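Work through the exercises below with the coordinates open. Try each task before reading its solution.

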Amino acid sequence: MAILTCPITRVIRETPRNRIVRVALGNRLLAFEAGQYALLGDHGQPIRKPYSIACAPAQVKLDHELEFLIQVVDGESPGSHLATLGEGRLVDLEGPSGSFVLPGGANPRAVALNGGGPGRAPQGAVPWAMLAGSPGTRGGAVHGRHTPKEPGTYPGV
């Protein structure tokens with residue numbers, strides 16, 4: 001699988017523990033399905049960890065950026081594989097992978113999604129993909145929070 005080197009274009013503090021991180025693909029194409037993940041790590045180092053892609057393919061075609069929801073631990077770091085999350089920082093991206101996607105040919109009338117923490121990233125991608133393929137689809141999402149004071153919404157939905 002090919003590795004793409006991409007700059008981080010934006011880091012948004014969603015909660016005290018979660019960051020929305022956008023990376024630019026430039027003119028490169030990345031074929032993926034809503035619900036898949038990619039491996040991310042600092043440019044040039046061998047350790048990469050999986051993160052769900054938090055945007056739909058149709059969104060990426062418009063702005064040529066991927067979005068991830070990443071949990072930080074020590075200040076602004078998700079771990080040794082991504083020392084810091086800062087605009088302009090280069091990351092290596094490998095993927096996509098994963099089978100947590102809508103079944104091929106599925107045309108659901110209603111869908112319910114449930115997630116918590118950064119595990120709710122597909123809740124940003126799947127609804128967009130469903131609406132692009134089936135505009136009349138109804139859906140709902142339930143997601144947990146680490147503490148009652150953390151926001152209860154995800155801006156991607």
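**Exercise 1. A hairpin and its neighbours**

Task: In the hairpin of β3 and β4, find the residue that takes a positive phi, then describe the pairing of β3.

Solution. 
- Step 1. Start at the turn. The hairpin has 6 residues between its strands, and Gly44 has a positive phi near 90°. This is a predicted model.
- Step 2. Strand β3 covers residues 37–42 and strand β4 covers residues 49–52; they run antiparallel, joined by 4 bridges.
- Step 3. Pick a residue pair. Opposite Tyr37 stands Ser52 of β4.
- Step 4. Look for another partner of β3. Strand β6 (residues 90–97) is joined to β3 by 5 bridges, again with the two strands antiparallel.
- Step 5. Leu40 has Leu93 in β6 as its bridge partner.
- Step 6. The peptide bond between Gly95 and Pro96 is cis, with omega about 10°.

**Exercise 2. The chain as a whole**

Task: How many helices and strands does the chain have, and in what order do the elements run?

Solution. 
- Step 1. Count the elements. There are 2 helices and 8 strands.
- Step 2. The order is β-β-β-β-α-β-β-β-α-β.
- Step 3. Take the contacts with a separation of 6 or more: 70% of them are between residues 24 or more positions apart.
- Step 4. Turn to burial. Of the 157 residues in the chain, 42% are buried.

**Exercise 3. The salt bridges of Arg22**

Task: Which residues are joined with Arg22 into one network of salt bridges?

Solution. 
- Step 1. Side chains of opposite charge can pair when their charged atoms come close.
- Step 2. Take the total. The structure holds 5 salt bridges.
- Step 3. Take Asp63. Its side chain meets that of Arg22 in a salt bridge, at 2.6 Å from N to O. Arg22 is in strand β2 (residues 18–24) and Asp63 in helix α1, so the pair links parts of the chain 41 residues apart.
- Step 4. Compare burial at the two ends. Arg22 is buried because its relative accessible area, 14%, falls under the 20% limit. Asp63 is partly exposed, at 35%.
- Step 5. Take Glu65. The closest N and O atoms of its salt bridge with Arg22 are 2.7 Å apart. Glu65 lies in strand β5 and Arg22 in β2, so this pair ties together parts 43 residues apart in sequence. Both Arg22 and Glu65 are buried.
- Step 6. Take Glu67. Its salt bridge with Arg22 has an N to O distance of 2.9 Å. Glu67 also belongs to β5, so the pair with Arg22 in β2 ties together parts 45 residues apart. Glu67 is buried, as is Arg22.
- Step 7. Join the pairs. Shared partners put Arg22, Asp63, Glu65 and Glu67 into one network.

**Exercise 4. The loop residue His64**

Task: Where does His64 sit, and is His64 buried, partly exposed or exposed?

Solution. 
- Step 1. His64 is in the loop between α1 (57–63) and β5 (65–71).
- Step 2. Check the backbone. Phi of His64 is near 60°, a positive value in a residue other than glycine.
- Step 3. Apply the burial limits. His64 has 38% relative accessibility, so His64 counts as partly exposed.
- Step 4. List the contacts beyond four places in sequence. They are Val23, Ala24, Leu25 and Gly26.
- Step 5. Relate His64 to the previous exercise. His64 and Arg22 are 42 residues apart in sequence, with 10.0 Å between their C-alpha atoms.

**Exercise 5. The nonpolar core**

Task: Which residues of the largest nonpolar core touch the most other members?

Solution. 
- Step 1. Name them. The core has 22 residues; Val23, Leu40, Leu66, Phe68, Ile70 and Leu93 touch the most other members.
- Step 2. Trace the suppliers. β1 (3–13), β2, β3, β5 and β6 each give at least two residues to this core.
- Step 3. Examine one member. Beyond four places in sequence, Leu66 touches residues including Val21, Val23, Phe32, Ile53, Val60 and Leu93.
- Step 4. Connect back to Exercise 3. Arg22 is also among the residues that Leu66 touches.

Key: Residues are numbered from 1 along each chain as its sequence is written. This is a predicted model: local features need pLDDT of at least 70, side-chain atom pairs count only at pLDDT 80 or more; totals for chains, interfaces and linings use all residues. Side-chain values use heavy atoms; hydrogens and water are left out. Buried means under 20% relative accessible area, exposed over 50%, partly exposed in between (1.4 Å probe, protein chains only). Contact means heavy atoms within 4.5 Å. A salt bridge is a side-chain nitrogen of Lys or Arg within 4 Å of a carboxyl oxygen of Asp or Glu. Two strands pair if DSSP finds at least two bridges between them. A nonpolar core is a set of buried Ala, Val, Leu, Ile, Met, Phe, Trp, Tyr and Cys residues joined through side-chain atoms within 4.5 Å.
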